[in-house]
Number of protein chains: 2
Amino acid sequence: MAGCVLRCLSCGRVYELSDRVWRCSCGGVLDVVCEERALEPDPGKRGVWRYWRALPPTGPPVSLGEGGTPVVEREHGGLKVLFKLEYLSPTGSFKDRGSAVAVSHLRSIGVDTVVVDSSGNAGASMAAYASAAGLRCRVYVPRAAPLYKKLQIAAYGAELVEAENREAATLRAQSCKEGFYAGHLWNSFFVEGCATLAFEVYEEHGVPDVVVLPVGSGTLLLGMYKGFRLLAESGLAGGVPRFYAVQAENNAPLYREIHGREYPALSGEVVADGIAVPNPPRLRQVASAVRESGGGVVVVRNDEIPGALRGLARMGFFVEPTSAVVLPALEKLRAEGLLDAGERVLIPLTGSGLKAAEKVAKLLGLA
Amino acid sequence: MAGCVLRCLSCGRVYELSDRVWRCSCGGVLDVVCEERALEPDPGKRGVWRYWRALPPTGPPVSLGEGGTPVVEREHGGLKVLFKLEYLSPTGSFKDRGSAVAVSHLRSIGVDTVVVDSSGNAGASMAAYASAAGLRCRVYVPRAAPLYKKLQIAAYGAELVEAENREAATLRAQSCKEGFYAGHLWNSFFVEGCATLAFEVYEEHGVPDVVVLPVGSGTLLLGMYKGFRLLAESGLAGGVPRFYAVQAENNAPLYREIHGREYPALSGEVVADGIAVPNPPRLRQVASAVRESGGGVVVVRNDEIPGALRGLARMGFFVEPTSAVVLPALEKLRAEGLLDAGERVLIPLTGSGLKAAEKVAKLLGLA
């Protein structure tokens, strides 16, 4: 698209897309802003790149078959639920939409080593795309990250560095001098890639009434909100769905941001490891999107996750614990009268249970 | 399709599709034979059910988003390779094409408990579809089956029974009186489902020159060959690709069938566990398909698998050891002059590396 820049969400300062900056000089997060975007899909392509005209310029796509994930429709408690199976992405999580676009862009501006921090899924995804693009990749993960995610990162050929915890992984990645920092919490092309999920759903199923999704850093929510808003602003769609962000006990910064008070920490344990992000840099941006959409935030307890995992597996959906939070969230929203009978609810199932089969089996009492 | 029956490949005896038989009274394997098939895709559907008109009647589809997997094109040693990412199927393997069609049919004829034997992937797949269909499922696996595949089977809610080895699993499943035996080596609807892979490739990319794929029981090869042959016989396609079946040392019954002598067993170890099928019931049928297509059989050594896994992971494809055999097979075929420069080779990457991450990591020297 013509006329795209990176703009700081805090101070408004503008950068070129080719500038090698991962945040503003004021410390603020950057966002891609384009004068105009062409929203017509490219009929000759499928998946993420079917919507390349709506994306900022990225250079030649680095593709592993991302996007174009199946939608399975189910009636669930009087609601029409569209389960979007993002766990059937190339590396097993929705992150591949973001990584494909981010890595394509990084290659186009001459980056040769990509440095990221991750609780696991984003690291595996960036490692796969960097490898496919012929770039080196270093991934900092917390030591406690799930074993299979760490093995997956290493198998793709990335350099895996274990840090004490999530915060230490972030600090070390951001101060690493041997490459360009492209952590997905900060990288604005990553968010752009996530917008394609909205374009796909719109093209195949129209605009749903509600979206319910797990939120850690909020990149998926921001991307999808951006996508649906572009469709509405262009007049193609009549409106934007209400976004309900689901967080887990012990890690609910969005609840704090929206309600002005901490959600009471119930236990020390982290079950939904994929959304355990204590200080997401885009927190205010996520809160604004949720408010503007007319939605809200729902917090799910650890002890609600096993039943949700079982319920999804019995429907044939084998997901990681993080993804399962959507089911109890749906019950809460219904109990609170926030969903009307007959509404169409879009639920992205974000990550594969195969990355956490032992944890899933333990939670289900099978191992 | 009108006029479909089950016909015994050994004695020619015919059964109705609704007959609850898993093999002929003579002991032979059954095959679905239809008077005619409509090969036009249904434009309103995607994946396996886009080709429902070409399938035998199955009743309402049990669907988890199977089929419609991405194709990633790569140049590889002067060849144009179409990697078909079957590991991005709902349960992580191509088996879902077969299970979706088999379980839909089983439900339609009133089966309430499905009994299968499996080395892992087929069991997980049948368990998921049975669960989604509201059917009970019992899966017999060899004790040595990969842990994650066993956990996955149990998570879907199937009853998991461990047997001493693959043969014992088969015997126990076939003699189980508490349900209908639907092992994928025998079930003819399973093979029908696999034909949709050929229909998809044809619709999106035309007919490739060659197909290279791992073969254990041969259901995928038979399904794909059937699909491409239907396209050729109807005049839609000009011909059928040459099929090269890849087997692994220690388990190469197709090599024996085609060459009339055993492939020398090199070690006792089984690395490609997904194709470790000593006595596939459809062996003669598979050998005929390979011969008719003008292809052949290639045997890959255990020690060639780690390099292949690494090569695929570096390209961004994280597959299980079984799936990796295609890469050394490609090298052998080129070395023997069996592939021409510029030929288009279709390679289904059959199973997810996430089911075997620890084994993959060991083979790559990472764990």
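How many salt bridges are there between domain 1 of chain A and domain 2 of chain A? Hold that thought while we get set up.

This is a predicted model, where local features need pLDDT of at least 70, side-chain atom pairs count only at pLDDT 80 or more, and totals for chains, interfaces and linings use all residues. Residues are numbered from 1 along each chain as its sequence is written, and side-chain values use heavy atoms, with hydrogens and water left out.

**Stop 1: the two domains.** Select 1-36 of chain A for domain 1, then 71-93 + 188-363 for domain 2; these bounds come from an automatic or database domain assignment. Their centres, taken over C-alpha atoms, sit 27 Å apart.

**Stop 2: where they touch.** Seven residues of domain 1 of chain A contact seven of domain 2 of chain A (contact means heavy atoms within 4.5 Å). About 630 Å² is buried between the two, with carbon and sulfur atoms giving 54%; buried area is the accessible area (1.4 Å probe) that two parts lose on being put together, summed over both. Now pick V29(A), D31(A) and V32(A): they supply 62% of the area that domain 1 of chain A buries here, more than any other three residues.

**Stop 3: the salt bridges.** Back to our opening question: the count is two, a salt bridge being a side-chain nitrogen of Lys or Arg within 4 Å of a carboxyl oxygen of Asp or Glu. For one of them, show R282(A) and D31(A), whose closest N and O atoms are 3.3 Å apart.

Technical notes. Chains are lettered from A and ligands numbered from 1 in the order in which they are written.
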